[in-house]
Amino acid sequence: MAIFTAVFSMLAAMAPTAQGSWLPDELGKDQVRPIVCRYDGSNLAQAVPFIRGKAVSSSTEWSCEKRIATGFHEYTFKLVKGTAKEAGVAVAFDFADWSRDNYVLVPAVVYNGNRFNALGGDYMPPYPREMFFDPKLPMTISNNPRLSIEPGKASTIELLTGNAATPAFAFFTPKQKRGWILLCEQKSRFGNNGLIIQENAAQDRISFIVSAPGVRVQAAGFGGFRPSGDKGADFKEGDTISLKFKVISFRTESITGLLQRFFAVRKSLTDPNQPRDLVPFSYAHDAITNRFKERWREFPIGGYYLPENSPDFQLGWVSGFMQTPLLAMDDARERERMLSQMNFVVSKLQGKSGFFYGGITSTGKLREDRSLDGRLFALTRKNADTLAMFVKQFMILKRQGHESLIKKESTAAAKRLADAFVLMWRKYGEFGQYVDAETGEIAAYNSTGGAIVPGALALASEWFGDLTYLDTAKASALFYYKRDVEGRGMTGGHCGDISQDPDSESAFGFLESLMALYSATGDKAWLERAKVQAALASTWVLSYDHVFPPESQIAKLGGHMAGAVFASIQNKHAAPGICTSSGDSLFKLFRATGDRRYAELLRDIQHAHTEATEWPEHRTTGTGIGASMERIQPTDAEGKGSIGNFIETQNAWCELDGLMMATEIPGIYVRTDKPVLFTFDHVSARILDQKSGQTTIEIVNKTPYDAQVTVLAEDAKVAKRPMRYADYLGWKNVSVPAGGKMTTVVGSMR
């Protein structure tokens, strides 16, 4: 397999393919094949190749001209004679000497070819009995587009560019130690382009196809399929259409090398996006805080902030027990509520094993995340969130001088949970996806459901002074890194509403663990692994300002949605933020490496969140100022009418993400010993002068809202120290009026 190192030397000349097939009838070597497509409804009726730059049928003649410029390759198709109904064009990248062992990636929708066992049904299919308590359980996903896991079976993946966080294909071949990345444009005048992968039954040939318009037989939904309703376009004589690509073929030793190269080039065709400054962090913080104050409820079983749009409580994951920014405010009433919520969690949800149940109704009935024969299982990830949140809240209270308010029952509960994770690791060598809170048994194995556990244990080790927790954190993180990141090129099973599908939450959760281990140990090996993990996490983030239908709400708002985070390969939508995290691990990685790409990725995520949130002159959900919900929808997984439209509801986790970002990410980061400044907040800033360890900066606030901008300034000596949680409580605040500017002098923090 030559992998197209000089692939564009000529246009392939092949006989038409068989009806309904994108694959060439014969393939002796790798090739690029421009095609004219004829459709019968949503079905490919015929793919006509070009011979010496022409494709001729009984009623039409097409030309295809290839242009190479500045590393890009553009194919321009023209209908020279006749008219064409239900037609289209495509470029196929055909590979011979293919292997099913090759790693295949389509960002946010296909990982390792999705060549895993799959359950039938649709959204969150039930687990059959045989999936429980089986240490040899193979990774099992929902019913998603995938290459065949069965040998000797052909398969096709049909997508539109809206399905992908970056319109791209990529693969790694371990046999040849090569990586290949193809980037394409989102759309033509006919709408989104198609992204199609077709593998033959022998699984030794494959084609990657970009088509315009995108026409699929079936559209993928949330764990199922439906007829797409896609159709070809009508062309008249003289019509032209172009497809533009960037193709990168390179030597690499591993999947991780492919991921890191992808991170480096993911914006190289679409160009850098243009984030808009809409609302300062401080205004967002206050607006969202008011919403959380309204979420407080007191029931006979206890008081808590509602994590759902119901009176019931769900622990972790979608915001239950995770409101650390409210505690960071050092407000007496919210501190009292946070402590009351902690008491509620301790008294009502911890099982005999030390693990916690996943939730409880407002009337006191325990809730299961999965169940079998009356046994209630909790999502491992929820317990990881819980341990991390215990310690983070302890750390905030101590930093504020309120450590005496922490009840011994709370510290005992947190320690029991940390001990339960250590015992689980020693007994099973993993943390599983679901756990029986009474017995401590793993109920479902073989996922990255424990992605946050190493980070939570590292925090627990710092708080309790117990190196057993840190040792377990290091061993388990290394296990997940080798098995899932290096071995599978994905992480998954972290969301409470999927199977073991690849998902963004585990990708960012594991990044948080790796940075926590770097913070705890200072060992740069964890930093190197974090770089790889950040590259994997970036595959889930919309890398460009997607063009939405002009009639959609996002388009009418002029929304710039680069930074929206896709949920999972099952839940085919993007969302405003990482569920549930500020993404501060990206900031810590930027600070430790100086690589601005990590800061830019985080800024994209934050700005997409603001774009999806309701503000006085920026209406989105219709549910109040500061409200946001979990849909930034570039796909038609929920129907074509859902693309670019918000849902009139709110999700506590999305709002908490905004609050966390406004609290845990500095508005401006400055190095006082060199000209380095990065702005995260919705203001602009520049360095005016630097001398004697003091830096003068100018901050301009073009928004219509007054801003309190947090500034983190440090020199090389301070920057060498890994950042610890709650350090943000010591950052400087600078007031900048709406439409105004301010000059301030900052020195390095100590």
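For these notes I take a cavity to be a set of points, on a 1 Å grid over the protein atoms alone, where a 1.4 Å probe fits but cannot get out, with lining residues having an atom within 4 Å of a point; a volume is the space filled by probe spheres set on the points, which are joined across faces, edges and corners.

I am working on a predicted model, in which local features need pLDDT of at least 70 and side-chain atom pairs count only at pLDDT 80 or more, while totals for chains, interfaces and linings use all residues. Residues are numbered from 1 along each chain as its sequence is written, and side-chain values use heavy atoms, without hydrogens and water.

I looked up the second largest cavity and found about 180 Å³ of space in it. I noted 24 lining residues, with Lys392, Ile452, Glu512, Thr580 and Ser581 nearest the centre. The elements giving two or more residues to this lining are α5, α9, α12 and α14 (652–664) (helices are DSSP runs of H or I, at least four residues, and strands runs of E, at least two, numbered from the N terminus), and α5 gives the largest share, 5 residues.

I then turned to the largest cavity, which holds about 220 Å³ and is lined by 19 residues, among them Leu459, Glu512 and Lys588.

Last, I traced an open sheet of 4 strands, in the order β34-β33-β37-β38 and with mixed pairing (two strands pair if DSSP finds at least two bridges between them). Because β34 (676–679) and β38 (732–736) each have a single partner strand, one side of each is left without a neighbour in the sheet.

How values were computed
On a 1 Å grid over the protein atoms alone, a cavity is a set of points where a 1.4 Å probe fits but cannot get out, and a pocket is an open set with protein on both sides within 12 Å along at least five of seven lines; lining residues have an atom within 4 Å of a point.
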